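These are my notes from going through one chain. I looked at the overall form, then at the annotated spans, then at single residues.

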Amino acid sequence: MSDMGLPPDPTYIQDPEHIPTGSIPDNYVSHTLKHQEALPPITWKNWYKELNWLHVFILFVPPTLGIIGAFDTPLQWKTAIWFAVYSFLTGFGLTAGYHRLWTHRTYKASKTLEYILAILGAGVVEGSIAWWARGHRAHHRYTDTDLDPYNANRGLFYSHMGWMIFKPRRKPGHADVSDLRQNPVVKWQHRYYLLLAFIMAVVVPTTVAGYGWGDWKGGYVYASMLRLVFVQHSTFCVNSLCHWLGEKPYDDKLTPKDCVITAVITMGEGYHNFHHQFPMDYRNGYKWYQYDPTKWFLWTCEKVGLASHLKTFSDNEVQKGELAVQLKRLRQKQEALSWPAGSSDLPVINWEDYQSQAESRALICIAGYIHDVGDFLDKHPGGAVLLKKNIGKDATTAFFGGIYDHGHGAHNLLSMMRVAILLGGAPHGLDEKVVPPGQHLRVSRYDESANKGHPELLELSCES
Ligand SMILES: [Zn+2]
Ligand SMILES: [Zn+2]
């Protein structure tokens with residue numbers, strides 16, 4: 001809203017210690033936060049001195065005028081439709097223009113489309129493209145840090161509008177905007193911004209309703225003031241709700257999230273986890289069915305020749321990110337479960353020891369492992385008699401089909417009853433039987449050997 005992108009703003013304390021040429025700090029963010037002085041924090045004692053009055057005016061006057069006006073202005077159905085249509089049009093100025101074109105360069109727009117989007121975007125009164133895109137590039141580059149102008153870690157209210165109500169405590173982190181400084185449409189919009197904003201936010205919505213169907217006051221109250229509030233808060237939600245509500249299907253390192261509710265509120269920007277991972281993709285809703293009207297708008301613009309070179313990220317890489325998150329979740333599930341003792345965790349006994357111990361305990365040998373089935377005798381679906389008949393014997397064949405071909409669940413449960421391993425007792429060719437089905441596939445980290453703790457898994461975990 002103030003013109004932060006171009007001339008330096010005197011309210012910021014400039015970086016006192018520049019990074020020496022040729023030297024790269026280990027971490028730019030921590031280096032900058034350490035060396036750059038910040039304004040004092042906002043407290044109950046000083047908050048009223050730290051207000052950004054221009055932003056306060058823009059954020060609070062339209063809703064006040066709109067709500068007061070709505071009390072004695074009936075909403076006509078034509079004006080209601082105009083409210084919705086103009087919300088989408090000006091919203092596209094922000095989502096398709098400010099965000100996906102100028103901030104992220106996800107496609108090439110014809111000059112006509114550039115002017116249309118620059119003019120429409122001015123109708124949302126969120127500052128010029130130059131100011132908005134500079135802040136948003138810093139948001140992507142320094143997400144969740146104090147160099148991110150709307151750092152989500154500072155709370156939902158702060159990331160939604162608190163960051164505009166108060167003077168920023170420090171300058172947003174460096175972001176290259178040299179392309180925008182040379183863009184004639186961006187420069188033109190910046191120069192005439194106040195005039196364009198007034199015409200597009202107030203004059204156009206009011207006069208269309210006035211000349212169109214005689215509803216001057218309704219046009220002003222609903223299509224101008226309340227529409228302005230609606231679209232502004234819709235786009236503010238990209239910085240607040242989209243970092244707070246939903247899932248992280250592509251990466252869980254930072255706060256951005258995917259959520260259909262925020263996608264509906266923000267004209268498709270709610271697939272924000274995808275967007276932060278793949279900001280050069282013209283889509284935010286990566287999957288064809290995901291609600292992203294901005295993506296459909298750009299697709300249509302391409303078909304009619306207004307846009308070209310719509311960029312998409314490699315499906316292979318997108319799916320790799322998705323798989324990594326899924327594997328991480330599976331790993332957490334895997335670690336929360338109890339697993340049978342492996343051969344290296346068990347005592348090794350010989351056949352004679354097994355025989356003698358089986359006289360006093362219900363021990364059964366299957367696939368080289370000795371199992372204590374004492375607590376299971378009454379629970380065995382086939383009856384206790386079958387188990388008792390096999391105490392002290394090798395019941396491998398009986399278990400795997402000789403008497404009954406047990407299912408995977410039974411095999412997994414059997415492995416939990418392991419108490420020892422029989423010396424020389426695991427015959428060759430029995431890998432499938434030695435390893436319970438629940439362990440045929442496992443999620444292991446890159447620095448863990450495939451057979452750690454489970455030597456018998458080596459071949460299977462590599463091949464499965
Ligand atoms: Zn973005
Ligand atoms: Zn974000």
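Predicted model: local features only at pLDDT ≥ 70, side-chain atom pairs only at ≥ 80, totals over all residues.

**Entry 1, H309 and helix α14.** With that rule I placed H309 in the loop between β2 (307-308) and α14. Its phi is near 55 degrees, a positive value in a residue other than glycine. Is H309 buried or exposed? I counted 11 other C-beta atoms within 10 Å, and H309 is exposed, since the cut-off for exposed is 12 or fewer.

I went on to helix α14, residues 315-336. At 1.5 Å a residue its 22 residues should span 32 Å, and the end C-alpha atoms are 32 Å apart, which agrees. The number of buried residues among the 22 is zero, so α14 lies largely in the open.

I found 20 helices and six strands in the chain. The radius of gyration is 33 Å, well over the 23 Å that the globule rule gives for 464 residues, so the chain is more spread out than a compact globule. Along the principal axes, the C-alpha atoms fill a box of roughly 100 × 60 × 50 Å. Of the 464 residues, 37% count as buried. I also looked up the contacts with a separation of 6 or more: residues 24 or more positions apart account for 67% of them.

UniProt, in an unreviewed entry, places the feature "transmembrane region" at residues 53-71, 83-101 and 192-213. How much of residues 53-71 is helix? The span is 100% helix and 0% strand, with its end C-alpha atoms 27 Å apart. Residues 83-101 are 100% helix and 0% strand, and here the end C-alpha atoms are 25 Å apart.

The unreviewed UniProt entry also places "domain: Cytochrome b5 heme-binding" at residues 359-423. I read 28% helix and 20% strand for that span, and its end C-alpha atoms lie 19 Å apart.

I checked helix α9 (residues 193-213) against helix α10 (residues 216-239): their axes come within 7 Å and cross at roughly 145 degrees. The crossing of α9 past α10 is right-handed. On the α9 side the contact is made by residues including A201, V202, P205 and T206. On the α10 side I noted, among them, W216, G218, G219 and Y220.

Y192 sits in the loop between α8 (184-191) and α9. Y192 has 15 other C-beta atoms within 10 Å and is partly exposed. I also took its C-alpha distance to S128, 64 residues away in sequence, as 9.3 Å.

K295 lies in helix α13 (residues 293-303). It has 25 other C-beta atoms within 10 Å and is buried, as the cut-off for buried is 20 or more. Which residues does K295 contact, leaving aside its neighbours within four places in sequence? I listed G268, Y282, R283, N284 and G285. The C-alpha atom of K295 is 21 Å from that of S240, 55 residues apart along the chain.

Last, I looked at D144, in the loop between α5 (129-141) and α6 (156-165). Its phi is near 70 degrees, a positive value in a residue other than glycine. D144 is partly exposed, with 19 other C-beta atoms within 10 Å.

Conventions
Residues numbered from 1 in each chain as written. Chains lettered and ligands numbered in written order. Helix = DSSP H or I, 4+ residues; strand = E, 2+ residues; numbered from the N terminus. Expected span 1.5 Å × (residues − 1). UniProt positions renumbered as here; feature names shortened; annotations may be inferred. Rg over C-alpha atoms; globule rule 2.2 N^0.38 Å. Contact = placed C-beta atoms within 7 Å. Axes fitted to C-alpha atoms, helices over the stretch in contact; angles between N-to-C directions. Left-handed = near helix turned anticlockwise from the far one by under 90°.
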